[in-house]
Amino acid sequence: VTRPTLWRTWLRRGLGIAKEQRRVFLWVNVGLYGVFILGALLAYSTPVLAKEVSDWVGSSLSGTGIVKYLERGVPEAASAITYWNFTQGAFGTTFVPGLLFGIPALLINLGRFLVLGFALSPALIPGLIYLLHLPTVIVELQAYIFITASGVALLWRGRKLGWRLAFREYIYCLPVALTLLVFAAWYEALEILVLIPALAPALGR
């Protein structure tokens with residue numbers, strides 16, 4: 001029998017809250033993934049604007065310094081991607097705003113997901129590359145969604161369990177989000193450094 005670790009305990013607590021508040025989590029998932037899909041579809045009607053948005057997102061990512069880590073191999077690239085996505089995306093612009101019952105986090109991510117859907121639309125990205133990148137997108141966005149839903153759930157959990165306990169347990173969304181971001185980052189690093197170069201002939205590159 002595998003001995004439970006502290007990390008697994010934290011994960012179980014975070015996932016337990018999601019199970020307890022499944023309706024909140026379902027609707028936040030539907031809303032945020034829906035906005036991302038809407039952005040991807042809108043790109044077909046305004047391809048020039050979509051290309052400009054995509055270039056802006058790309059240049060913003062380059063400005064973070066992550067690109068230089070791609071030259072150092074998969075482990076360092078994955079570590080850099082995880083660090084940036086967790087500190088800037090999950091913690092800084094989702095968890096902290098989510099303390100206000102998830103409302104600011106929800107608004108921030110509605111805008112973020114619409115822009116990302118626009119920038120990462122299959123209208124702009126070749127089919128095979130898009131399919132290769134889709135797992136990264138789904139898993140990474142779920143990390144932000146999970147934290148956002150946990151924040152919104154504070155409204156129900158606070159009234160049911162008491163505000164002190166609800167806010168104290170809100171932190172358990174972070175281990176779940178970080179775990180998702182680690183998986184997404186490792187896959188993204190493998191995708192960029194291994195999968196796409198290996199498929200370059202098929203991609204016509």
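## Helices and the basis of the model

Helices here are DSSP runs of H or I with at least four residues, numbered from the N terminus. By that rule, Phe91 is found in helix α5. The structure is a predicted model.

## A nonpolar surface patch

Phe91 has a relative accessible area of 35%. Because partly exposed residues are those between the 20% limit for buried and the 50% limit for exposed, Phe91 is classed as partly exposed.

Side chains of opposite charge can pair when their charged atoms come close. Across the whole structure, four salt bridges are found.

One of them joins Lys51 to Asp55, with 3.0 Å between the closest N and O atoms. Both residues lie in helix α3 (residues 47-63), where they are four residues apart, about one turn of the helix. Lys51 is partly exposed at a relative accessible area of 42%, and Asp55 is also partly exposed, at 42%.

Another salt bridge is formed by Glu76 and Arg72, whose closest N and O atoms are 3.6 Å apart. Glu76 is partly exposed, with a relative accessible area of 38%, while Arg72 counts as partly exposed at 47%.

## A salt-bridge network

Arg157 and Glu169 form a salt bridge in which the closest N and O atoms are 2.8 Å apart. This pair links distant parts of the chain, since Arg157 is in helix α8 and Glu169 is in helix α9, 12 residues apart. Glu20 joins Arg157 and Glu169 in a network of salt bridges.

Arg157 has a relative accessible area of 5%. Buried means under 20%, and Arg157 is therefore buried.

The largest cavity has a volume of about 50 Å³. Its lining includes Arg157 and Glu169, along with Gly14, Ile17, Phe146 and Ser150 among others.

Helices α1 (6-20), α7 (127-152), α8 (154-161) and α9 (163-169) each supply at least two residues of this lining. By class, the lining has seven nonpolar, two polar and two charged residues.

Technical notes
Residues numbered from 1 in each chain as written. Predicted model: local features only at pLDDT ≥ 70, side-chain atom pairs only at ≥ 80, totals over all residues. Heavy atoms only, no water. 1 Å grid on protein atoms, 1.4 Å probe; cavity = no way out; pocket = protein on both sides within 12 Å on 5 of 7 lines; lining within 4 Å. Points joined across faces, edges and corners; volume = space filled by probe spheres on them. Nonpolar A, V, L, I, M, F, W, Y, C, P; charged D, E, K, R; others polar. Buried < 20%, exposed > 50% of the residue type's maximum accessible area, 1.4 Å probe, protein only. Salt bridge = Lys/Arg side-chain N within 4 Å of Asp/Glu carboxyl O.
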